[in-house]
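Welcome! Here is a short tour of one structure, starting with a sheet and moving on to charged side chains. Please keep the sequence and the 3D view at hand as you read.

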Amino acid sequence: MKHPAFFSLPVALLLVLFVGPATLAQQQSPYAYKIEKSLIATRGAVVSAHPLASQAGLSILQLGGNAIDAAIATQLALAVVYPNAGNIGGGGFMVAQLKDGKQLALDYREKAPAQAHRDMYIEADGRANTDKSQAGHLSSGVPGTIAGLFAAHRHAKLPFKTLIAPAIELAEKGFIITAAEARGLNNLQNDLKKYNTQTPVFVKDSEWKAGDTLVQTDLANTLKRIRDNGQAGFYEGKTAELIVAEMQRGGGLITKADLVAYTAKYRDPHVFQYKEYTLLGMPMPSSGGVLLHQMLKMIEDRPIAAMGFQSPGSVQLMTEVMRRAYADRAAHMGDADFYKVPVQQITNAAYLQERMKSYSNEKPTPSNELQPGTAVGTESEETTHLSVIDQEGNAVAVTTTLNNSYGSRTVVGGAGFLLNDEMDDFSIKPGVPNMFGAVGGEANAIQPGKRMLSSMAPTLVLKKGKPYIVVGTPGGTTIPTQIFQTLVNILEFGMSPQDAVYKPKFHHQWLPDELVVEKGFSETTKAALQKMGYLFGKERGGIGRTELIMVRPDGSFEAVADRRGDDSAAGY
Ligand code: DON
């Protein structure tokens, strides 16, 4: 079969008109594309988990779109080419600064369906049934992604139908899958058979191989309904009917009323200062911005740069601040629309100083001796991240997820997309760990219409008010600790963006009381910390997949795609 070109004739003609044939020649084919790990660009850059998605974003920048346009197109393309996390059946967060200085935090996190309730995963014997919260129909929250992308679109320049065109084309005509994708799909075959009421396109009799073409006709048709009917193309009409029918066949809870009622929300970004930098993070219902704030502030007045990268001293200090922040996560954080989260109290300087009083540079503070802080006063492994920047001065960080790899493993019959298993991010029973080992209680208990607490941390760092670093990563509860390390690597250890992303990471989350390190972490440092009394968990092959763009002194953009996957940068 002769493979068609990446873009259909009308889109290609538009590209030639606006961009010129020279640039068009650089477009990647979905049948022969290449991964670009880092690049320097002057006009715009996109980094995402898949080369074809980054390319979709770049093509939109080249058509005259801004970073918001490109982020929308990239996310839609990821839903096609990176089905284990890119999604329209999940949710996410966007943090952005626009060229006029306006700062945005857009929340399109999934919500608990109206029929959900606090004890919905508790069996008669009192046991919390994580099988039901982690896969299958009952694990899905009401998807937020499409509502989020339409909410973001008010800051975009091009029509939505232009932004969704690359995704439709990739779904309809297909693309070749990478070795990593083939592995992911092969590992999933049993679950796909178990959790589906109709056989999805991802099920195959023989093994998937790198180079196989994946065509997703049902998904293309769903995307076309969204193109033609806007948000209602997902939350109403045929797509909604297919979702509800799937729920009814599989014992899920999402109803038509849940879908119509879903709204994305603009919130105030969580903004704080670290030395001469301003950081913009995601506020509740993500713990990401607040955890990053707490961790950075707890090291700000300590000589971490002098201690050196991954020296026993710096790792020990960073571990202790991680532990303290995550104890607060478990007790205090949840959807602030439903629970009064004491954000000001747990981020103010005096509180954080108090939290560090029990810190010793000679030994661990055992987690069972460290309780969450008391807030006083009155209150005023799969996700994906993409970073985009443009020459107008817009910078966008988006992290989006189905929760774990391929979400609930349930594909909506006839609609071709995977649903999330985000319900597991609630605390399904106080003290029972979720799939990332995180515990919680009242603040993050299930309630109808509530959003489950997240760790996703799309983050912008500003220098003199202008975008300096755009960063984010997947990785469940390791997300905030990874961003913390990537930023400390650059801002304190003076590392290049690529080293900052590529160096092995470590992680502590209070409970379980163990330090987890990534393959390649310094053995000497590990031995020194063991001697001090630190317990180490099982070493991990890879932690996260960070996508980072840094603005260089001359104003050009350095884009870095993580080495840990098929992640790829595109720019011009
Ligand atoms: O929102 C959260 O924190 C999780 N659902 C993110 C899941 C994730 O990062 C999985 N990736 N490895």
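Two strands are said to pair if DSSP finds at least two bridges between them. Strands (E, at least two residues) and helices (H or I, at least four) are DSSP runs, numbered from the N terminus. With that in mind, look for an open sheet of seven strands in the order S1-S17-S16-S13-S12-S9-S8, with antiparallel pairing. Its edge strands, S1 (38-41) and S8 (270-274), each pair on one side only. From one strand to the next, the twist averages 20°.

A word on the model: it is predicted, so local features need pLDDT of at least 70 and side-chain atom pairs count only at pLDDT 80 or more, while totals for chains, interfaces and linings use all residues. Residues are numbered from 1 along each chain as its sequence is written, and side-chain values use heavy atoms, leaving out hydrogens and water.

Back in the sheet, strand S9 (residues 277-281) runs antiparallel to strand S12 (residues 459-463), and four bridges join them. Leu279 has Val461 in S12 as its bridge partner.

Which strands does helix H13 (residues 288-299) lie across? They are S8, S9 and S12, and H13 runs at about 15° to S8. Helix H18 (residues 478-491) lies across S8, S9, S12, S13 (466-472) and S16, at about 140° to S13. These angles run from 0 to 180 degrees between N-to-C directions, with axes fitted as lines to C-alpha atoms, for helices over the stretch in contact; contact means heavy atoms within 4.5 Å.

Now for the charges. A salt bridge is a side-chain nitrogen of Lys or Arg within 4 Å of a carboxyl oxygen of Asp or Glu, and the structure holds 32 of them.

| Pair | N to O distance |
|---|---|
| Glu246 and Arg249 | 2.8 Å |
| Arg267 and Asp337 | 2.9 Å |
| Arg545 and Glu382 | 3.8 Å |

Glu246 and Arg249 both lie in helix H11 (residues 237-250), three residues apart, about one turn of the helix. Are these side chains buried (under 20% relative accessible area), exposed (over 50%) or partly exposed (in between; 1.4 Å probe, protein chains only)? Glu246 is buried at 0%, and Arg249 is partly exposed at 39%.

Arg267 is buried at 17%, whereas Asp337 is partly exposed at 39%. Both belong to a network of salt bridges that also includes Asp107, Lys265 and Arg451.

Finally, Arg545 is buried at 13%, and Glu382 is buried at 13%.
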